[in-house]
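Please walk me through this protein chain.

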Amino acid sequence: MLAVAGSSRYCEPMVRVLWIVGIFMVLALAGSVLWVGLELPPLKLVAAHGFPPSGGPTGRVKEIEGIRFVEIGTGYFRMGSWFNCTKGDSLGRICKAFHLPWGKQSKEDGDEVPVRWVEIRQPYWIADCELTNAQYERFDPEHERSEFSKGNDDPVAEVRWADAQAYCKWLAARSGLSIRLPSEAEWENACRAGSRTEYAFGDDPARLDEYAWFDANADGRAHAVKMKRANAWGLYDLHGNVWEWCEDTYHKDYKGAPEDARAWTEGGVVLTAGVSPLRVMRGGGWAWLAVDCRSAGRDWYIPVDGGGIIGFRPAFSSP
């Protein structure tokens, strides 16, 4: 009898401990399921930068050779889009994350997926508008202006990716800063300006006329920079006017892309053997539809070619 009573005294606390552990495990599992279903950021990003997603302008600006640069701080953002893909439902997203077959699961068959959280680990500076003809011609006075972009304050066009690189090197030598093209992630972060919608201002393409020059209002040409409204971070013309070169090579999707905002220059699509990979261009342009000017919209071009549709805006990392 004494032995049985003693065993009972030891078992009861153990049972309580097991119950407590079990409850915590159920709560943790439920929390994980809810976190995935709501598409919330990974806990490591929340621990590093807080919640909700942080980042945005630090309030610091620099003017270099007539170009106004805005500093964007560290944080994280949601990159990509389900455009032309099947997103699935909450149950499908949860089950897919845990490798279970239930629910309506996503079908990722576009070049803007997988939609993912990207960390901005280092502040960077980006020009507040597209580089203009007048600014570019300080570097190359012999530049032949595009017939679609002739004014001094029109965005420079007819520039190859190599031309944009050469300009960045020239400006770096004059400024002592590591001027470069923005990475694709930096560009989208700047364009989104903290939004998770199709455009920086929301999902309604009817409002694009307020922010961008595109096929419905551009009259077949580019227009002077800063004529349309800035986004919430004070940046202009990220939607429309001219496409903008980025540093990255073009990949058919984001599988294998860096988790942070570094340019993805390893590999990339090559049209012809022995030729340089295609390079990413962003933002849409004066001859393109509203849908092409979305924050996540992306396209590619041959780096050794240019045209009246492509310009760029320089960027650099904080020292």
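Predicted model: local features only at pLDDT ≥ 70, side-chain atom pairs only at ≥ 80, totals over all residues.

The chain has 6 helices and 10 strands. Its length is 319 residues, and 48% of them are buried. Take the contacts with a separation of 6 or more: 71% of them join residues 24 or more positions apart. The chain exposes about 15700 Å². Carbon and sulfur atoms supply 58% of that area.

Now the sheet. Four strands form an open sheet in the order β8-β7-β6-β9. The pairing is mixed. Strands β8 (298-301) and β9 are the edges, each pairing on one side only. β9 pairs with β6 (residues 243-249) in the parallel sense, over 2 bridges. Here glutamate 244 stands opposite glycine 311 of β9. Helix α5 packs on this sheet and touches β6 and β7 (279-282). The direction of α5 makes about 85° with that of β6.

Next, the rings. The structure holds 15 aromatic pairs. One of them joins tyrosine 76 and tryptophan 117. Their ring centres are 5.7 Å apart. Their planes meet at 65°, over the 60 degrees needed, so the pair counts as edge-to-face. Tyrosine 76 belongs to strand β3 (residues 75-79), and tryptophan 117 to strand β4 (residues 116-120).

A second pair involves helix α5. The rings of tyrosine 167 and phenylalanine 312 have centres 5.6 Å apart. Their planes are at 65°, so this pair is edge-to-face too. Tyrosine 167 lies in α5 (residues 161-175). Phenylalanine 312 sits in the loop between β9 (310-311) and β10 (315-317). The pair therefore ties together parts that are 145 residues apart in sequence. Tyrosine 167 and phenylalanine 312 are both buried. These two rings also belong to a cluster. Ring pairs link Tyr136, Phe139, Tyr167, Trp170 and Phe312 into it.

Last, charges over rings. The charged end of arginine 279 sits over the ring of tryptophan 161, at 3.8 Å from the ring centre. Phenylalanine 83 has a charge over its ring as well. There the charged end belongs to arginine 294, and it is 3.9 Å from the centre.

Notes
Residues numbered from 1 in each chain as written. Heavy atoms only, no water. Phe/Tyr/Trp six-rings, centres within 6.5 Å; stacked < 30°, edge-to-face > 60°. Buried < 20%, exposed > 50% of the residue type's maximum accessible area, 1.4 Å probe, protein only. Lys NZ or Arg CZ within 6 Å of the ring centre and 35° of its normal. Pairing = 2+ DSSP bridges. Contact = heavy atoms within 4.5 Å. Axes fitted to C-alpha atoms, helices over the stretch in contact; angles between N-to-C directions. Areas by Shrake-Rupley, 256 points an atom, 1.4 Å probe, with all protein chains shown as cover.
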